[in-house]
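The following paragraphs lead through a predicted model.

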Amino acid sequence: FALQVLELGNFEEKWVVSKILVKHGDAVISPLRKMILDENVNVESRWYGLKILSQIKHPEIILIVTELLATTQEEDLIILATETLASQGRHSIDFLGKLLEYPQYRLLATKALAQIPSLNVIEPLLSVVNDPDSTIRCISIASLRNFDTPQITKTLIQALTDYASEVRKEALTGLGLKLKASQDIELAKLI
């Protein structure tokens with residue numbers, strides 16, 4: 001009944017039901033997964049379902065959020081999904097880093113890692129900057145450019161020679177953002 005209210009109720013009813021469903025913990029993960037990933041369910045209901053999951057710590061939630069990020073274009077869902085990954089803490093980064101080892105999940109995991117604003121994503125993203133798939137390389141370079149370490153600058157410089165133009169473009173943008181006045185003459189010459 002609570003899941004039906006979550007899907008069909010008004011704002012106030014959804015708010016009350018979401019507080020009740022959170023208390024059921026792991027038991028609500030599976031039904032909420034179906035609702036969140038169903039593009040035919042209205043966005044507000046999906047958002048509430050995701051909000052409930054964001055308050056539960058469980059590895060399956062990371063998979064659900066990762067799958068959602070790969071399939072939705074809804075900005076509100078993307079924002080909450082990103083916050084949910086971040087709320088899962090270091091555990092989500094470790095889990096997504098392990099998924100990078102499997103080719104069938106690598107793109108999905110890279111996209112999810114790119115959404116997490118944490119220094120802990122640097123190492124896993126660096127592990128895929130030379131991936132055979134140019135989309136994965138492009139996503140990792142685009143995300144890494146937001147961090148400022150010598151290793152990332154070196155990686156961006158190496159990416160300038162990538163055969164895929166979109167990867168070179170992201171590297172060039174990243175290096176351009178790292179230029180600081182006159183102290184980076186060599187970097188400016190390279191660009």
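The largest nonpolar core of this predicted model has 53 residues. Within this core, Leu6, Leu32, Leu53, Leu85 and Leu96 touch the most other members. The element that gives the most to the core is helix H5, residues 59–71, with 6 residues. In soluble globular proteins, nonpolar side chains tend to be buried together.

Setting aside residues up to four places away in sequence, Leu6 touches Lys14, Val17, Leu21, Leu32, Met35, Ser45, Tyr48, Gly49 and Ile52.

The next topic is a helix pair. Two packed helices are described by the angle between their axes and the distance between the axes. For helix H2 (residues 11–22) and helix H4 (residues 43–54), the angle is about 25° and the axes are 9 Å apart. Because angles under 35 degrees count as roughly parallel, H2 is roughly parallel to H4. The crossing of H2 and H4 is right-handed. On the H2 side, the residues that meet H4 are Phe11, Lys14, Trp15, Ser18, Leu21 and Val22; on the H4 side they are Glu44, Ser45, Tyr48 and Ile52. By type, the residues of this contact are 6 nonpolar, 2 polar and 2 charged.

The last stop is Ser118, placed in the loop between helix H8 (103–114) and helix H9 (122–126). Its relative accessible area is 19%, and because buried means under 20%, Ser118 is buried. Apart from neighbours within four places in sequence, Ser118 is in contact with Ile93 and Phe147. Ser118 and Leu63 are 55 residues apart along the chain, and their C-alpha atoms are separated by 19 Å.

Methods:
Residues are numbered from 1 along each chain as its sequence is written. This is a predicted model: local features need pLDDT of at least 70, side-chain atom pairs count only at pLDDT 80 or more; totals for chains, interfaces and linings use all residues. Side-chain values use heavy atoms; hydrogens and water are left out. A nonpolar core is a set of buried Ala, Val, Leu, Ile, Met, Phe, Trp, Tyr and Cys residues joined through side-chain atoms within 4.5 Å. Buried means under 20% relative accessible area, exposed over 50%, partly exposed in between (1.4 Å probe, protein chains only). Helices (H or I, at least four residues) and strands (E, at least two) are DSSP runs, numbered from the N terminus. Contact means heavy atoms within 4.5 Å. Axes are lines fitted to C-alpha atoms, for helices over the stretch in contact, and angles run from 0 to 180 degrees between N-to-C directions. Angles under 35 degrees count as roughly parallel, over 145 as roughly antiparallel, 65 to 115 as roughly perpendicular and the rest as oblique. A crossing is left-handed if the near helix is turned anticlockwise from the far one by less than a right angle, and right-handed if clockwise. Ala, Val, Leu, Ile, Met, Phe, Trp, Tyr, Cys and Pro count as nonpolar, Asp, Glu, Lys and Arg as charged, and the others, Gly among them, as polar.
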